[in-house]
Amino acid sequence: MLKDITLGQYFPGDSFIHRLDPRTKILIIIAYVVMVFLIQNFVGYIALALFLALCVAVSGISPKYLIRGLKPILVFIVFTGIFNLFLTPGEEIWRWGFLKITVEGVRFAAFMVLRLVFLILGTSLLTLTTSPIALTDGMERLLSPFKKVHLPAHEIAMMMTIALRFIPTLLDETDKIMKAQSARGASIDSGNIFSRAKAMVPILIPLFISAFRRADELATAMECRCYRGGEGRTRLYELKFGAVDVLGWIYMAALLAAIIGINMIFGKF
Amino acid sequence: MDNIVIINNLVFEYKDEDTGERTRVLDGVSLDVRRGEFLAVLGHNGSGKSTLAKHMNAILVPTSGTVTVDGLDTADDGKLFDIRRRVGMVFQNPDTQMVATIVEEDVAFAPENLGVPRDEIRRRVDEALEIVGMSAFKRHAPHMLSGGQKQRVAIAGALAMRPELLVMDEPTAMLDPSGRAEVIETVKKLNRENGMTVVLITHYMDEAVRADRVIILDSGRIALEGTPKEVFPQVEKLTALGLDVPQSTYLIYMLNKQGLGLDATALNDEECAAELLRALENRGKGARGS
Amino acid sequence: MIRLENVSYTYMSGGPFEKKALDDVSLNINEGEFVGVIGHTGSGKSTMIQLLNGLLKPESGKVIIDGTDLSEKGVNIRDIRFKVGLCMQYPEYQLFEETVLKDICFGPLNMGLSQKEAEERAKFAANMTGLPEELLDKSPFDLSGGQKRRAAIAGILAMEPKVLILDEPTAGLDPAGRDEILFKIRDMHKRMKLTVLLVSHSMEDVAKLADRILVLNSGRVEMFGTPSEVFAQSARLREIGLNVPQITMVADRLRAAGADIPEGIYTVGDCYRILLPMLKR
């Protein structure tokens, strides 16, 4: 049940996308997110879909795997769609009792669902092709100009690394504790919401305690390995922009121009 | 200098935050760790073993008495990182020692903290992974490794500091037999081939018998000290201290209680069988002779 | 009491990481028996014990507990869990209540027992595991490592299961703590007439206690017999990556050198009784 989560997983590889500097990828994903919200008509989404399909093809990640990443939030997507479909006021095209569907509703629902799907697919592609450590490195470097205004860039990156490192461990642990408590007759997946929340207590308390214990042990281990914050640290991998990054920026700029062009030509639907 | 660590009359107490009660964990320990030796520290839970280990790299500092590492006093705050750099530490839980999400990045963690130049980090990481036999796994994620492999990576992470001393606090307690064997072989090899000084804290006798020297802690004091062959034949004392004796040693101890006068220093199956065969042969000769 | 008929189980079946954990396993365990379960990591031990109390469902084959086929419709899996008490590895990490007593009561209360009954059972179970009564009102997190372990075992025992399965109950304990727990387990087995499955890496521990030893290797039953039958095949045990007691190795070496020592020696006492007359002659 906990194994379906693809977000945060990394598939090592040597594709064009894999070789991009993480900073480039982070900047591209920011531009991508902006575009997802900027697009005002379906032609724009087609252009974006083509771009995304190209990226997926180049990355060598199986599209099936990428799409499976949508599964955990499927309920959320469907809910968003239905919500917008029925509750947007406008020109009525269908009515049954108090339920009505409007032209605006259909359009709005489709847009919202598309936006969500594009967001998830894009960010999944980023995490699937970028090692977590490269990602946090990229973040640290991109944020480091803000150190002057006392933004703890190194500490934020370190926290993210450790969080990513321990997600699989904590998932394992959760699984184990759930099994141990069900062996004592705890019923986790039955009953109403209230009794289910109550049933979570025997799982959450041991989980928190073990997380704290781990944090404590990890802190000691880090101290033993001479950790003293970001000051004076060197890195095994220094980030360097290369020719691929320049290409990446050019593609992105071209896409951005195309989207703006499409918006202007086809207007708002 | 012959001794890498010199511990002089070390006392350590901690105060309970709630009750204000002071508990004495170490009670006057004096101990030298010689350069190049393999020292095993034994004792039941709560005997002060782990506390002693944490004094060797200034994670803890003495309440009274002194600890010096390579001539540096651990109570001197200014020398903290010079001391820690010299002492590699490996702990019990393989899951809480790794920081990074990829093996080689994790091994690089300590040299990165020390500000070692990039080329040098690369060299150290490759070398350390080679020594522990984990080079093939350098791009793997830590959570996909077995317990024994994780501990070997933890050892590599310590070695990347180029330490003078490796202190291991029950590194095999959470491992299965094959994982234990992996780790102990690695440590033994490090000591023998690379001349690494090793302090191994454990409660497994079969690990301790492979050390050059054994000390046994009890209630924060050194209760016994000597080579394995001096310490383990003292079956009654060890049992009283809540420790095991290797089955081979115990068998000979029981036979000797019947006045057989066997060599009591057999520590493993090979030595024990050899000694018993020698005795059986002598009996045979004696029987034929009379 | 426990019967497995051609049970197979595969993890992540169909995917690229498919792994056959159990492969056509059939076996019988009698009521009141003490069985040691041995096998290295990945041999299928933990899968097997999870199948026995319904935490996992077999892919094919039948798991029959006390005459009930777990795969049959209408079988309440919770009732099976109360009948087959499973104490997982490092069970102290499942403690969560404010007091030790409340924590031990968790299982019995889930069974629908009254507070009074649950507490009675909890006190009895605590006593069986050797947990002093004055600790029952303490927070479980203030106990020592060995005491936590015992409190966790008591939490299972208080459900008064017919079968008690313990996965590595001595992992991480020092020799004195280990001996105490093993002694208590033997005590429970005898006094409560429990069927016990003890999963362990330590051949020495299993050899001391078990009536029969089950050796699993890559998802199959490799051996299932009395300790002396199993340890008589010490060469095979070592071949599949398992340790044998040191004393068995000593006996094997003596026999190989021509001494008249029988096969299947696994305790120091046995070895001593055989050697003493030979040496004293």
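1. Helix 3 (100-110) and helix 5 (145-157) of chain C are among what covers the buried residues of helix 4 of chain C, where covering rests on contact, meaning C-beta atoms, placed from the backbone, within 7 Å. Helices (H or I, at least four residues) and strands (E, at least two) are DSSP runs, numbered from the N terminus.

2. This is a predicted model, in which local features need pLDDT of at least 70 and side-chain atom pairs count only at pLDDT 80 or more, while totals for chains, interfaces and linings use all residues. Residues are numbered from 1 along each chain as its sequence is written, and chains are lettered from A and ligands numbered from 1 in the order in which they are written.

3. The buried residues in helix 4 of chain C are C:A118, C:R121, C:A122, C:A125 and C:A126, a residue being buried if 20 or more other C-beta atoms lie within 10 Å of its own. Because they cover an arc of only 135° around the axis, they lie on the same side of helix 4 of chain C, the arc being that of the directions from the helix axis to the C-beta atoms. Just after this helix, C:G130 takes a positive phi of about 80°.

4. In chain B, four strands form an open sheet in the order 2-1-4-5, with antiparallel pairing; two strands pair if DSSP finds at least two bridges between them. Strand 2 (22-34) and strand 5 (72-73) of chain B stand at the edges, each with a single partner strand, so one side of each is left without a neighbour in the sheet. Within strand 4 of chain B, B:T66 is the bridge partner of B:N8.

Methods
A residue is buried if 20 or more other C-beta atoms lie within 10 Å of its own, exposed if 12 or fewer, and partly exposed in between; C-beta atoms are placed from the backbone. Two residues are in contact if their C-beta atoms, placed from the backbone, lie within 7 Å.
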